[in-house]
Amino acid sequence: MDMHQPGAGAVTRGRILIEDVVKTYDTEGAAVMAVDHCSLEIEAGEICMIVGPSGCGKTTLLNAIAGFHAITSGRIVMDGETLCSTEKPKAEPGPDRIVVFQNGALFPWKNNLENVIFGPVMQGKLARKEAIDKGRAMMADAGLAGVEHNYPGEVSSGMRRRVEIVRALMNDPKALLLDEPYRALDSLTKSVMHEALLEIYYKNKVTIFFITHDLEEAIFLGHKVAIMTTRPCRPKKVLTVDIAHPRDYSVLTTKRFRELIEETNEAVHEEALKAFQAGEKEG
Amino acid sequence: MREPLRRLVSSPVFWRGVVSIVAFVILWELGARSRQWMALEMFAPLRELLGALGLKKDYLPWVGAVPAPLAVLKAWIAVLGQGGYWQSWYMSLFRVMSGFIAAMLIGIPFGLLLAVSRTAQGIGFPVFEVLRPIPPLAWVPASIIFWPTQELAISFVTFLGAFYTIVINVLGGARSIDVHYFQAAQSMGSSQWDIFRRVILPGTLPSIVVGSAVGMGITWEVVVAAEMISGGGSQQAGAGGGLGFFIWSSYVGGSYEQIVVGMISIGIAGFASSELLRWLGRYVTPWLRVR
Amino acid sequence: MQIAQNVAPGELTAVLREAIPFVDASDALLQRVAALGRCRRYAAGERIYDAGDAADDIYVVVSGRVEHVFGPGISAQESLKRMGRGGVFGWAGLLLGQTRRFASATALEPSEILCIATEELVKALESEPLEGSSVMELFATMIQRDFTVPALLAKVRRLSGTPLTEEMSSLSLTLFRMSLWLTSPRPYLMLIGFALFLGFWYLFVEVWKLPRFREMPGISAVVKEWLSPAPTYGLSLYTAEYYQHIAVSIWRVAQAFFLATLLGVPFGLFLGWSRRFKEYVFPVFELLRPIPVLAWVPLAIVMFIATESAVIYLAFLASFFATALNTMLGVESIDESYVRAANCLGASRWQVFRHVIVPGALPFVFTGLQISIGVSWFSLVAAEMVSGQYGLGYVINTSFMMVRYPTIVIGMATLGVVGYTTSAMVRVAGDYMMEWRVRELALAER
Amino acid sequence: MSEIPSARPPIVAGEITVRGVSKSYGAAQFRKEVVRECSFNIEQGKLTVMIGPSGCGKSTLIRLLAGFEQPTEGSIALDGAPISGPDRDRLVLFQETALFPWMSTWDNILYGPRARGELDRGTLEFGEFLLNKVGLREFRNKYPGQLSGGMQRRAELARAMINNPKVMILDEPFRGLDAMTKELMWEYYSRLYEENRRTNFFVTTDIDEAVFLADRVLVMSNIPTQVRAVIDVDLPRPRRLSDIVESDRANDIKKQALSILHTEAMRSFSRGSKAAADFVDAYLKRAGRA
């Protein structure tokens, strides 16, 4: 086992346990089940990819972990601490689990540096000046030197995503929750973003909970890939990706990678087709 | 029908609204009756304070001068039986409708013309933009001079109020239609008329609905003031009636309860007509309902 | 420093291929460039050049490591850069108007370095203009991105024979827009429009004297009156009274507007921010809103006794509703993920309000303020016409009573101008406060 | 699916020839050339894919092909006849859906024949057939706002096909769909093409999409747009996504196109294009490692 595998090295925090979580929505009298008895184990420092068609209820799961929505029953535990359970259905959002949103949520009215230092300054962990120094350093580290004083609207979408990840890492979180962050990017930019994400991950090991519907992306990035059924959402197949980290783009052309794609394609395809025919509206 | 009603009654939001409105009415009642309770000995310091602030000593400022809700209710009930009150409703409604319908009939084609033809827009729009900042009520005297009867004059001013809004909305709506719709229609072999009928018209419809609803609100504003200015100012026979005039004559006659009755009546009339328009609007744009 | 001899030509092209500017170059070009180069060997710690030296050669690292430190005044983001094989430095001579070194370079370990005379390199590139310009552009990219030199400095020289990409200065852009506007039919159509409007006014009223129009004030009468130092009806550009009326109206609107903003913006923010507050307060707000502001006129007179406060109250009321409602909509339109992101980042409820809700609602607030100043004029005029002394509404109404018809039009036109100006001022203030939005919109336009 | 009506019109595949086409906007010193001396053929019955960096002027080229705009220089002809304006022979599917939101799916599909006054029994039957074909029979009375992204694209395909155009022009039609729906749409679209072999011209920025769909790939340069390379994709049809993933030949073609594309992106970066910045980032990194 090499040092980039979860459990190895220094990562001891950010283990997330999802136990038998159920989430139903009450719409006009009829209850709709979004998440159905879902159980999943995410190791400390692991990249866990959640794959499923749009509108399958993956985001509901993420919202439950992040503390935006209440769950109906079940339990979510992080490092032994119960985030939410049947008794206390809604977790508190906090800087130990930071969400990177689908369409990006950099504040357009703050420049990139102000965005990056937002977390520590708001929590009062760092003085403004220290935060600025740390923010500059982290931005430079992620190849973002030179855009500190631009507004997010002025830089390319790829850069915006990176700024957002840096903003999250400034808080030294236990886990990053990514909600299809690269959906709107074209395929080439996306590939760059994947490598950039891995690079950042190798430097700052955190648990990553990553939602996507792109299988290739999932296998390229993840230690573990969970393929979900479409509404209600439940793991259909959980796959451990036995390709060694650190990875780079040469992985995409290896035999093992193609085998893994082959292996899972069927399951994903089936679910996608189900959603496709049902004509679920996206988003 | 019963199901939504039950849900409404069981929702806390509804009851919070009820609480707030009831509280508002009670405070209003108390404030309006301040002349009575402030006469008590214990409120002497308050009276002194008001006096020191340069306000009237014997009742609460502002709200104390307003008639109390119970008195208003009494006046309203009294007035309900009078033909004159309903006559005012009819007159105002008539003026609003005539002005509004004229604004629709002229404003929609005018807006569409500006949207379709570059030349028309080049000639017409700057003049329109120059005239627009002049508040419609400033037109009242000029309108009275121009039109042979006061009736027409008031209708004209109401027309102006709605006209600007409708034109701006139609123009904006037509301009914001995605150019791809035109290109798609063109390449499938549509004629100019066909594009107008099947693309521009339905594409602009939502903005027309919005513009008319806003225009309707303005129309009520304008009609009230126009009735006050022309009727209240000159007391000429032709402007008799109308809710605005009802308010003004109540003021002149000193029956303040009736002022509030008139205000509430106009509120109801304005709200009802806007709602009616919105309902009509939903009916003509079914594709917006389904989202 | 000593000249090295033992490097094979094939090795040099391989090194060049690894240097960013040459990654796309053809083999033929690489061989030519390699042939221009001489290989030198530097000892560890040996200085290769200093800032301010003549920028005559370009260097490519063949082996070893080199440290590159910018001199003062370059304002590169990172002043220090270390590079290994394939690293390119000493490129200052390629930049527009540069003949001196920007930086100093030192070998960190025993290093072999390929030196190419700048002018010869440029000549070689010029002989292949298409490929050459691509190499030069890559140089610019590298200087800007890898050496973090500001874009302003990192402009490479133009190879003769390749077209220059023209950067438009803002002045020439303005001139260009002007010329576009002048060559389009728009200004002429506009003139036609005004000519038609004014012409018909003149003809209908003063020349043909059509029925009904006959009674109206004619344009020439209005203009004459307006510009006359001794106006027949007592009001023109030359009378102090004219300005007094304007000042009174503006002062009233200003009071009403500021009061409405002061109360309406916080009120709207709280309405949008706190669901509970909205549930309790909004029903009353909605109950009062359908009553036209102008229906308040008599009641306002009763309430305020003094007409001055009654007039201001009416203008205020109209503004307040518009401002509060738009601010509330603004808060409600803020994408929920901004609030969630702030929560994730550990912001307290008050911090969310201060850093997310307020700036996020600002665009809507300013839309509201523009509407608010418009309706405030609207109801001011009505209030002034019904009651009150002085003010433009009063001018219009009394002129009507006293049969001073041209003055009515003067009043109306003045109202139009003043109303337009105030709303333009609100817009400019909004642009000033929302720089991020202005910049974003400017980018979208391009 | 088997109820093919007899009235189904025969498919005529056209061929578009583009010769020395240039297009510029603006006047005098501010003139900006967007397309420069482009020459290529959109061959009869083939699926030609054009790929280029974003913002490279592909959309301008499409407007020229569709006839919404006229070239400054050069000529475009369909089967030898010069193109003078928009026509049903060359239908365009746009990036964002251009289904009329105020018409039901069925009315949208019938729009073309109805606008031309050609709505007869045969056309109605053909419409039914197409509606079935794109699998939207249950959705005929729904408005586009009620359909998912993938269904909207299918409805739009049907709306174009009912006019039986000689050439279909598709401008990044699957952009904005999620990865799964997109892949399903690729397979769906390529089956549709394989069945009828109409002339198709497809514009994209996605290399995987290009390689999977194309018979020929045109790689475009940055502004001013020129054809940089023409690559023939000789992969067997019918194609399946899983086959392509495994095919070495497909990988080769991908690499070839990529190397041309990133040169172009580099250029546009040095000219300050925002979109190309990420691209260059990727490239510099990979170049550094190689």
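Along its sequence, chain B runs α-α-α-α-α-α-α-α-α-α-α-α-α-α. The model is predicted, and local features need pLDDT of at least 70, side-chain atom pairs count only at pLDDT 80 or more, and totals for chains, interfaces and linings use all residues. Residues are numbered from 1 along each chain as its sequence is written, while chains are lettered from A and ligands numbered from 1 in the order in which they are written.

The C-alpha atoms of chain B fill a box of roughly 85 × 55 × 40 Å along the principal axes. The radius of gyration of chain B is 25 Å, whereas a compact globule of 291 residues would have one near 19 Å; the radius is taken over C-alpha atoms, and the globule rule is 2.2 Å times the number of residues to the power 0.38.

Of the 291 residues in chain B, 41% are buried, a term for residues with 20 or more other C-beta atoms within 10 Å of their own, the C-beta atoms being placed from the backbone. Among contacts in chain B with a separation of 6 or more, 71% join residues 24 or more positions apart; a contact requires C-beta atoms, placed from the backbone, within 7 Å.

Chains A and C also touch: 23 residues of chain A and 20 residues of chain C take part. On the side of chain A, strand 6 (97–100) and helix 3 (118–123) each give two or more residues. Helix 3 of chain A provides the largest share, four residues.

Definitions and conventions: Two residues are in contact if their C-beta atoms, placed from the backbone, lie within 7 Å. A residue is buried if 20 or more other C-beta atoms lie within 10 Å of its own, exposed if 12 or fewer, and partly exposed in between; C-beta atoms are placed from the backbone.
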